Amino acid sequence: MATQIHPVQLQYSHTIGRAEFSGPGFRVPVGIACGEGDRLYVLSRSYEGRPDGKRVTVCTVREEYISEFGRGIRAEEADGVVPDGYFMWPTSIALDQAGNVYVADEWLHRISIFSKDGDWIGKWGTAGVGVGELNRPSGLAFDKDDHLYIVDSLNNRIQQFTKDGQCILRWGKPGSAAGEFNMPWGIAIDTEGDVYVTDWRNDRLQVFDNDGNFINKLTGEATVSKWGKEKLDANAEMWQQRQRAQGLEREKQFWGPLAVAVDDEGRIFVGESARSRIQVYRKQIPTFIGDRL
């Protein structure tokens, strides 16, 4: 008999943060990682004109400010050499099983590593198209074996590394067929080890096993959200405009998906930058009876 998954009721708790270039707060947060206890690591990308806002803020779920580390630098200031611990275009953050913090930087084509307290540990990554080389790395995710998966965005592939930067697996190539990519960005790994990748320019989500074998792809099935319906109900002319709109059936499809996350309940959350929404899916596990589905 299949195990029934009951709907999870979500209740609002509180909000964390405010817009700041330093101290308590964030500035254009692009990544978040959960550390030991209730510690959070929030990666801020900030703006080109304010590199001081590029940093990792460490706080608690209860909004207690702990510290910050990492610094931003402008290209003209770097003069071709970016000091250790500095960021140019940070894109993602992930923690290994020891709590060390890994930050991807798409400008520098490298991974910076810090201790859980923000002390500089090291870096690795080389720009290029060869095995283990990177071209605009974006999403990061660790699997249960503490291997780091990196979305190698402009190389249109996924690479798996040891924590010291040795490439042990890679898959993907440019294209639109199954298993191919066009500027992928986000990545998440579920409890079974399946890998979810937002294929940005192909407007889809792709699913792989942990060896990179293609499992499935989604093109989107969105309906009007609760918030969207509330706005439309409050503005009757918007419903009328939608009824007159041509090609509205395309609205359900993915458009510019970037972020992806998977929770322990098997729910997949896909964030779409162009449509300012999140599509939610639930992983379905086939039920076997004897040797039949």
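Student: Is Tyr102 buried or exposed?

Tutor: Tyr102 is buried, with a relative accessible area of 3%. Buried means under 20% relative accessible area, exposed means over 50%, and partly exposed is in between (1.4 Å probe, protein chains only).

Student: Before we go on, where do the values come from?

Tutor: This is a predicted model, in which local features need pLDDT of at least 70 and side-chain atom pairs count only at pLDDT 80 or more, while totals for chains, interfaces and linings use all residues. Residues are numbered from 1 along each chain as its sequence is written, and side-chain values use heavy atoms, with hydrogens and water left out.

Student: Back to Tyr102. Which ring does it pair with?

Tutor: Tyr102 forms an edge-to-face aromatic pair with Phe142, at 5.0 Å centre to centre and 75° between the planes. Rings of Phe, Tyr and Trp (its six-membered ring) pair if their centres lie within 6.5 Å; planes under 30 degrees apart count as stacked, over 60 as edge-to-face and the rest as tilted.

Student: Where in the chain are the two partners?

Tutor: Tyr102 is in strand S8 and Phe142 in strand S11 (residues 137–142), 40 residues apart, and the pair links distant parts of the chain. Helices (H or I, at least four residues) and strands (E, at least two) are DSSP runs, numbered from the N terminus. Phe142 is buried too, with a relative accessible area of 15%.

Student: How many aromatic pairs does the structure hold?

Tutor: Twelve. One of them is Trp89 with Trp107, edge-to-face, 4.9 Å centre to centre and 75° between the planes. Trp89 sits in the loop between strand S6 (86–87) and strand S7 (90–95), and Trp107 in the loop between S8 and S9, 18 residues apart.

Student: Which residues make up a ring cluster?

Tutor: Tyr149, Trp171, Phe181, Phe208 and Phe214 are linked into a cluster by ring pairs.

Student: You mentioned S9. How many of its residues are buried?

Tutor: Five of its five residues, 110–114, so the strand is mostly covered by the cut-off of under 20%. Arg110, Ser112 and Phe114 point one way, and Ile111 and Ile113 the other way. In a regular strand the side chains alternate between the two faces of the sheet.

Student: Which strands does S9 pair with?

Tutor: S9 pairs with strand S8 (residues 101–105) in the antiparallel sense over five bridges, and four bridges join S9 to strand S10 (residues 120–124), also antiparallel. Two strands pair if DSSP finds at least two bridges between them.

Student: Switching to helices. How do H2 and H3 cross?

Tutor: The axes of helix H2 (residues 226–234) and helix H3 (residues 236–244) come within 4 Å and cross at roughly 105°. That makes H2 roughly perpendicular to H3. Axes are lines fitted to C-alpha atoms, for helices over the stretch in contact, and angles run from 0 to 180 degrees between N-to-C directions. Under 35 degrees counts as roughly parallel, over 145 as roughly antiparallel, 65 to 115 as roughly perpendicular and the rest as oblique.

Student: Which residues meet there?

Tutor: Lys229, Lys231, Leu232, Asp233 and Ala234 in H2 meet Ala236, Met238, Trp239 and Arg242 in H3, with contact meaning heavy atoms within 4.5 Å.

Student: Last topic, the sheets. What is the strand order in the one with S15?

Tutor: It is an open sheet of four strands in the order S15-S16-S17-S18, with antiparallel pairing. Strand S15 (184–189) and strand S18 (214–218) are the edge strands, each pairing on one side only. Strand S16 (residues 195–199) and strand S17 (residues 204–208) pair over five bridges, and Val197 stands opposite Gln206 in S17.
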